Amino acid sequence: MSKKNLEYLINRKDNQYEVVIGLEVHAQVLSKSKLFSASATKFGAEPNTQVSLVDAAFPGMLPVINEFCVKQAIKTGIGLNAKINKRSVFDRKNYFYADLPQGYQISQFKDPIVGEGKVILDMPNGQKEIGIERLHLEQDAGKSIHDLDPQNTFVDLNRSGVALMEIVSKPDLRSPDEVSAYIKKLRSIMRYLGTCDGNMQEGSLRADVNVSVRAKGSKEFGTRCEIKNVNSIKFMQMAIEYEANRQVDLIEEGKSIDQETRLFDTKKNETRSMRSKEDAHDYRYFPDPDLLPLEVSDEFINELKNNIPELPDDKKKRFIDEFKLSSYEATILVSDIDTAKYFEEVVAKMGKNKDMKLAVNWITGELFAVLNNKNLEISQSPVSAKNLAILVNLIKNGTISGKIAKTVFELMLDGDKDPQKIVEEKGLKQQSDPKTLEALIDKIINDNREKAIEYKQGKEKLFGFFVGQAMKASGGKANPQLINEILKKKL
Amino acid sequence: MSDITKQSLTELVINIKNKKLSSTEVTKAFIERSEKSKELNAYITEDFTSALEKAKRFDQKPNFDLKLSGIPMAVKDLFCTKDVKTTAGSKILNNFVPTYESTVTENIWKEGGILLGKLNCDEFAMGSSNETSFFGNVQNPIDKDLVPGGSSGGSASAVAGQLTPITIGTDTGGSIRQPASFTGTVGLKPTYGSCSRYGIVAFASSLDQAGPMAQNVKDCALLQEVISTYDPKDSTSIDFTRNQYSKELSNNIKGKKIGIPKEYRVDGMPKEIEDLWQKGVQYVKDCGAETIDISLPHTSYALPTYYIVAPAEASSNLARYDGVKYGFRSKGENLIDMYEKTRSEGFGAEVQRRIMIGTYVLSSGYYDAYYLKAQKVRKLIKNDFDEVYKKVDAILTPSTPSSAFKIGEKTNDPVSMYLNDIFTVPVNLAGLPGISIPAGHDSKGYPLGLQIIGKAFDEQNILNIAYAMEEKINFKNKINDWWIK
């Protein structure tokens, strides 16, 4: 497939438009306590049960930075191949809202903790590099609940003060598919690092999507619209598709695009204007005088750098080099940290005489199918890596056939049973004793003399018949390779 | 023992320790005098019943190892006190009862102090005359209808009027030193980062600092020793070795070099103030110290800088008073309407003025010209001090450009009101310690103060200088208890 065919373009009569997308991803820092207070961050707690005096902005309360969250942000920066800023500053972003108790959000404006970096995407037409503009730490706001009462709005401050990393990409993305790959890659990196659980249903990962369009080949950027707070990859893709087409239609009609903030209506599948540039808030950013500039030493950064686990790109390279996997196989196995862990455990348990290809096929084939059917994560797999390794080894050393292995695998699902035991208990061991098989085949030839003659006269199709009979007579346990050999000799 | 309320903190501590006085007797004496002094309007909230109970409990099981064993004390109503209403002098917090205690007051109670009540102050500490308080003017014990200064006006009035043996205030641009000067008392603004800001209703976070106010320097040193602690709950609290300020207090300042900054000789400064300053120079010399003429070239920019930085921070700090979570709320048609009504009715005129100024100077398009520039000037002001401290140990200036003025005299002229802070704000901008001590009287018999400014963390040095000068000055406040019928 040529590269050209994979380009995402919007066509109108004679014109082709390219879509330019930049993302501001809000990733909740994986941390037991909040960015500036000791309150818990557990998801799904009763409303207003994880709120300290600081989170609720009581008079005289002061923020104290959570060092763990700082480490998490720096680790993420390292994972994004980004520059770590030894000095960063917390600013106040001032605006009024019922779920913003302080009347300002503590964020980082001019001096973020992480500077420029990059992320590599594996696209069907090759790799693509997406630039990272910056990553900064900020507090989340609370939640306003408007639909519990016709007259009143309720406010839940459990989220108030939870640490977020805002990861801003450069406008390097060009299609909904790239956006999907980018989000998945970011999530994968953060999950490897343990800095964000990436759970989009729980709101741990959401994004503001900046979309603009321009004539194909143009170097100028078009006027962009920002679609606020989209919380699933599917919705991001739908929103981009709708928004890009809306903008192209405006251009085609000779109208101009207003720079504005829009909302994506997931029910109607359309974006709607939220506020125009003129109505944009003046956030009156200024350095938070309650917090000193955040300064980290080289030692502090290096200590974190030295303890960064192997990340997906490196792991993929190693899987290809060390295990001779294809790029495709390696990409699948490293995309999720738990899958990679599972695979590596299978590899370790297979011991010396291992069949890598077979292991990969079993994981991405049978195991993935089961997980899919049962809607399970690999971390919840009903078959442990250890037992899967044993199963693969049983196939590899000829104890059972691939076909029998599927039966064994089915039985393993119930309580993660040891395949070795299943094979023994059910007597599923492959028959590889030539004498036994010869006797069995002699009997079959004897019982089917006429067919044997027909075969010898040239009806070669009948060979399959004899193989089938032999397998049937052995209860499926005969070593198919030996059966072939013996039949060829005897017929 | 008669005239308990005339005793200094140091005397009371000794007398309680020696069992010449019980905490109950002392507490009762100050409560009685406070009750006779309602006309001063020094208190916003009295906590007398509870104070007496605590005093009794102390007497039943006394602990004389503490620094403030059984000493009753009223504090500025900017300090959050657990289960005791804390208003910051504002209608918007009129019904606010904290469930927590400020670190500074906690330190006092841990050393045996007993809360008498909460003292009046300018609304959110914004004012120089205590006239912006929602709870009304405070009278200066020196004379009827005279302002006590601000914003710690209730605190200054209560100490001068002997309603409390000692107190604490907060100082953002002079709010301890100016009222101390106006009432003939001693007030110390410690180095920024010396006293925790945790639990103090914030005005301007980068300038706010709590400090002691007392009848004399030794009492002031003792209270500073108690309230100054490193506090991890305040990110701007500084972990430095703190002196035992009262124990280490010494009047030996021989050979100390005291700077006299020429820029503090401002236009239109009354001759009385100039004369007082000259006398101050003489006192210092009499104590064996040396004076040196110095220059702090950016002094004239301090006031405008302060009136950009402080309102900017305040506009943001006061955003939390929105009627949503606690405090006063006015009914509105919708959220925005509720905000507007709550804040229009809940904040007084001066607070609203400063919120408007602060919002303006932080607005996009004005930020660079005002806030950013002010921050640069602030750095220059700090550099001025760093430079002169290579040559001198401390700086001597007048505390205020005038003595106390009449209630209502400057209400309609905010700029003239702001000028009160002209000698005190540079100290806050530079984060330095400063102390005001009474040094004389003007022709009307109103007290005048001198300010000693120190190096950062050098409270001991300025306390020593103040202590030595105090001895030479031998100041006597002229208070005739005019308000007691």
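**Reading domains, helix packing and sheets in a predicted model**

Author: In chain A, the centres of domain 1 and domain 2, taken over C-alpha atoms, are separated by 36 Å. This is a predicted model, in which local features need pLDDT of at least 70 and side-chain atom pairs count only at pLDDT 80 or more, while totals for chains, interfaces and linings use all residues. Residues are numbered from 1 along each chain as its sequence is written, and chains are lettered from A and ligands numbered from 1 in the order in which they are written.

Reader: Which domains does the assignment give for chain A?

Author: Domain bounds come from an automatic or database domain assignment. For chain A it gives domain 1 as 3-305, domain 2 as 310-426 and domain 3 as 434-490.

Reader: How many residues does each of domain 1 and domain 2 of chain A bring to their contact?

Author: Two residues are in contact if their C-beta atoms, placed from the backbone, lie within 7 Å. Here domain 1 of chain A contributes eight residues and domain 2 of chain A seven residues. On the side of domain 1 of chain A, strand 6 (117-123) and helix 2 (176-193) each give two or more residues; helices (H or I, at least four residues) and strands (E, at least two) are DSSP runs, numbered from the N terminus. Helix 2 of chain A supplies the largest share of that side, with five residues. By class, the side of domain 1 of chain A that touches domain 2 has three nonpolar, two polar and three charged residues (Ala, Val, Leu, Ile, Met, Phe, Trp, Tyr, Cys and Pro count as nonpolar, Asp, Glu, Lys and Arg as charged, and the others, Gly among them, as polar).

Reader: At what angle do helix 12 and helix 14 of chain A pack?

Author: Two packed helices are described by the angle between their axes and the distance between the axes. Helix 12 (residues 434-447) and helix 14 (residues 462-473) of chain A pack at about 125°, with axes 10 Å apart. Axes are lines fitted to C-alpha atoms, for helices over the stretch in contact, and angles run from 0 to 180 degrees between N-to-C directions. Helix 12 and helix 14 of chain A are therefore oblique to each other (under 35 degrees counts as roughly parallel, over 145 as roughly antiparallel, 65 to 115 as roughly perpendicular and the rest as oblique). The crossing of helix 12 and helix 14 of chain A is right-handed.

Reader: Which residues make the contact between helix 12 and helix 14 of chain A?

Author: Helix 12 of chain A contributes A:Leu440, A:Ile441 and A:Ile444, and helix 14 of chain A contributes A:Phe466, A:Gln469, A:Ala470 and A:Ala473. The contact of helix 12 with helix 14 of chain A divides into six nonpolar, one polar and no charged residues.

Reader: How do helix 8 and helix 15 of chain B cross?

Author: Helix 8 (residues 271-286) and helix 15 (residues 459-473) of chain B cross at roughly 105°, and their axes come within 9 Å. Helix 8 and helix 15 of chain B are therefore roughly perpendicular to each other. B:Tyr283, B:Val284 and B:Asp286 of helix 8 meet B:Met469, B:Lys472 and B:Ile473 of helix 15. This contact of helix 8 with helix 15 of chain B has four nonpolar, no polar and two charged residues.

Reader: How many residues of chain B are in contact with chain A?

Author: In this interface, 33 residues of chain B are in contact with 24 residues of chain A. Helix 9 (302-317), helix 10 (335-346) and helix 11 (349-362) of chain B each give two or more residues to the chain B side. Helix 9 of chain B gives the largest share of that side, three residues. The side of chain B that touches chain A has 16 nonpolar, 10 polar and seven charged residues.

Reader: In what order do the three strands of the open sheet in chain B stand?

Author: Two strands pair if DSSP finds at least two bridges between them. The order in this sheet of chain B is 1-3-2, with mixed pairing. Strand 1 (43-46) and strand 2 (72-76) of chain B stand at the edges with a single partner strand each, so one side of each is left without a neighbour in the sheet. On average, neighbouring strands of this sheet are turned by 35° against each other, direction ignored. Strand 1 and strand 3 (residues 114-119) of chain B run antiparallel and are joined by three bridges. B:Glu46 stands opposite B:Gly117 of strand 3. Helix 2 (residues 23-36) of chain B packs on the sheet and touches strand 1, strand 2 and strand 3 of chain B.

Reader: How many bridges join strand 2 to strand 11 of chain A?

Author: Strand 2 of chain A and strand 11 (residues 205-215) of chain A run antiparallel, joined by 11 bridges. A:Ala27 stands opposite A:Leu205 of strand 11. Strand 2 of chain A also pairs with strand 10 (residues 163-169) of chain A in the antiparallel sense, over five bridges, and A:His26 has A:Glu166 of strand 10 as its bridge partner.

Technical notes: A crossing is left-handed if the near helix is turned anticlockwise from the far one by less than a right angle, and right-handed if clockwise.
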